[in-house]
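Subject: Structure for your review

Hello,

Here is the structure I said I would pass on. My notes follow below it.

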Amino acid sequence: MSVGNLELGWVAATAPLWPLLAFVTLGGVMLLHRAPGERAVVRGVLGALWLSLGASVAAAAGLVWNHQDAWVVEVGRWFSSGEYTFPVTLFVDRLSATMMVLSSAITLLIGRFSVNYLHREPGFARFFLLLALFASGMQVLVASGSIDLLFVGWEMVGLTSALLIGFFHERTTPVRSGLRAFTLYRLCDMGLLMGAVLLHHFAGTAEWAEALGARAWPGPAVALAAGPATALGLCLMLAAMGKSAQLPFSSWLPRAMEGPTPSSALFYGALSVHAGVYLLLRVAPLLQRSPVASGALVVVGLLTAVHATLVWRVQTDVKSSLAYGVLTQVGLMFAEVGLGLYRLALVHLVAHACLRCLQLLRAPSVLRDELSRRAALREAKRPTVAVAHHVLPEGWRRRFYRLALERFSLEVMHERWAMGPLLRAGQWMDRMERSWTGALSGWKSAPEKAPAEPKQAPSSQSQSTGVV
């Protein structure tokens with residue numbers, strides 16, 4: 001691996017910086033209770049996205065032009081603790097350069113589309129604020145030089161995802177859907193956190209260039225033993241399953257369509273839902289040392305693809321159909337990674353992200369055109385459902401149809417076993433905090449009691465009064 005070409009390396013480092021600068025600037029203005037105009041918001045955010053795209057293209061072109069395997073750019077140091085320092089490094093290779101260009105191009109496309117789509121929307125500035133934060137987080141995620149920095153971008157993407165699901169917060173359903181997605185994110189992100197700790201322990205470093213080997217992606221297998229590689233692979237697999245909505249964490253994806261159409265296309269058609277696949281592709285040398293983790297990926301991916309295909313066939317709205325179509329293809333990508341077809345999975349990811357993004361952006365117009373055509377031709381017919389008519393017997397067809405219509409009851413299970421207990425625990429802690437705070441404030445503000453006055457003996461007149 002060659003480490004050089006400092007100028008282009010620093011140009012690549014500015015790809016996540018420009019959207020972050022737009023986020024800080026716009027957020028500062030909004031914190032001052034100023035209402036920026038739509039034109040100023042669009043110029044600031046879209047200008048930053050154009051600069052980010054230029055930096056990503058320059059990095060990818062420089063990588064190809066100079067025939068280099070990768071660039072390692074040390075931006076600086078975050079903090080130091082004893083002998084350990086946390087360096088902020090970017091790792092630009094074939095995989096990350098491809099994802100940087102894809103992420104910046106699609107984010108810019110969504111931003112431009114949203115200018116007209118959200119015109120005069122009360123949350124116009126808030127949407128673009130979160131769009132800038134997502135663009136920066138996605139660039140950090142795909143260009144990170146260590147698993148620690150990847151975790152930072154991972155959390156930024158997850159936070160903006162949940163906030164944009166609940167964008168229309170005046171209604172209860174979007175807020176609850178955002179909480180559902182955020183809850184499952186939190187549960188599965190424990191896998192990424194544990195993976196970072198184990199990588200520090202087993203490899204002695206969190207840098208991709210040192211832990212995974214200094215070879216061109218996907219590279220040969222790492223020098224770890226099968227046991228540590230399996231533990232690391234399973235932890236990272238859990239994180240990828242949550243972000244990419246694989247079984248059994250699939251119920252939040254159709255509910256995530258409660259957000260605006262541009263955010264649905266950006267997050268759940270193009271980029272965020274593929275972040276789990278990118279993580280698995282990044283640790284491909286690790287998966288080569290773990291047949292158990294690779295086999296688990298194949299099983300999870302194929303089960304998700306079958307589940308999503310059955311559910312997709314009975315959906316009655318276009319967004320849910322597209323959501324389960326996304327799950328089918330992402331499940332196949334998981335299986336491809338498990339089988340060692342890393343380059344095929346990357347090509348599949350890029351092609352699918354572009355296709356689904358355009359389909360979701362076009363979905364409302366297609367639905368309106370179809371309804372207009374049916375009204376004009378008076379052909380309003382009930383949609384036909386085909387669930388393996390020529391493969392399964394009649395009884396099994398009815399059972400599968402009912403299960404698919406109920407989405408295999410995953411939402412009920414997540415509500416009962418994941419979201420419900422966590423919300424109840426949070427409410428209990430809130431009540432305890434309020435009671436403790438109230439008791440403490442009451443104890444501090446309570447006035448000192450005056451000494452009790454001695455009771456006077458009743459007078460003789462009062463004693464003499466009575467009933468004769």
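**What was found**

The chain exposes about 23900 Å², and carbon and sulfur atoms supply 64% of that area. Please keep in mind that this is a predicted model.

On the overall fold, the chain contains 19 helices and two strands. Of its 468 residues, 48% are buried. Taking contacts between residues at least 6 apart in sequence, 78% join residues at least 24 apart.

Two places are described in detail.

Leu17, Leu20 and Val24 make a nonpolar patch of about 250 Å². One of these residues, leucine 20, lies in helix 2, which covers residues 17-31. Leucine 20 has a relative accessibility of 33%, so it counts as partly exposed; the band for that term lies between buried, under 20%, and exposed, over 50%.

What is the nearest side chain of opposite charge to aspartate 148? It is arginine 77, at 13 Å. Aspartate 148 is buried yet has no salt bridge; the cut-off for a salt bridge is 4 Å, from a side-chain nitrogen of Lys or Arg to a carboxyl oxygen of Asp or Glu. Leaving aside residues up to four places away in sequence, aspartate 148 touches Tyr84, Phe86, Ala196, His200 and Ala206.

Regards

Key: Residues are numbered from 1 along each chain as its sequence is written. This is a predicted model: local features need pLDDT of at least 70, side-chain atom pairs count only at pLDDT 80 or more; totals for chains, interfaces and linings use all residues. Side-chain values use heavy atoms; hydrogens and water are left out. Patches are made of residues with over 30% relative accessible area and no salt bridge: like charges are joined within 9 Å, nonpolar side chains (Val, Leu, Ile, Met, Phe, Trp, Tyr) within 5 Å. Accessible areas come from the Shrake-Rupley method with a 1.4 Å probe; for residues, only the protein chains shown count as cover. Helices (H or I, at least four residues) and strands (E, at least two) are DSSP runs, numbered from the N terminus. Buried means under 20% relative accessible area, exposed over 50%, partly exposed in between (1.4 Å probe, protein chains only). Lys and Arg count as positive and Asp and Glu as negative; His and the chain ends are not counted. Contact means heavy atoms within 4.5 Å.
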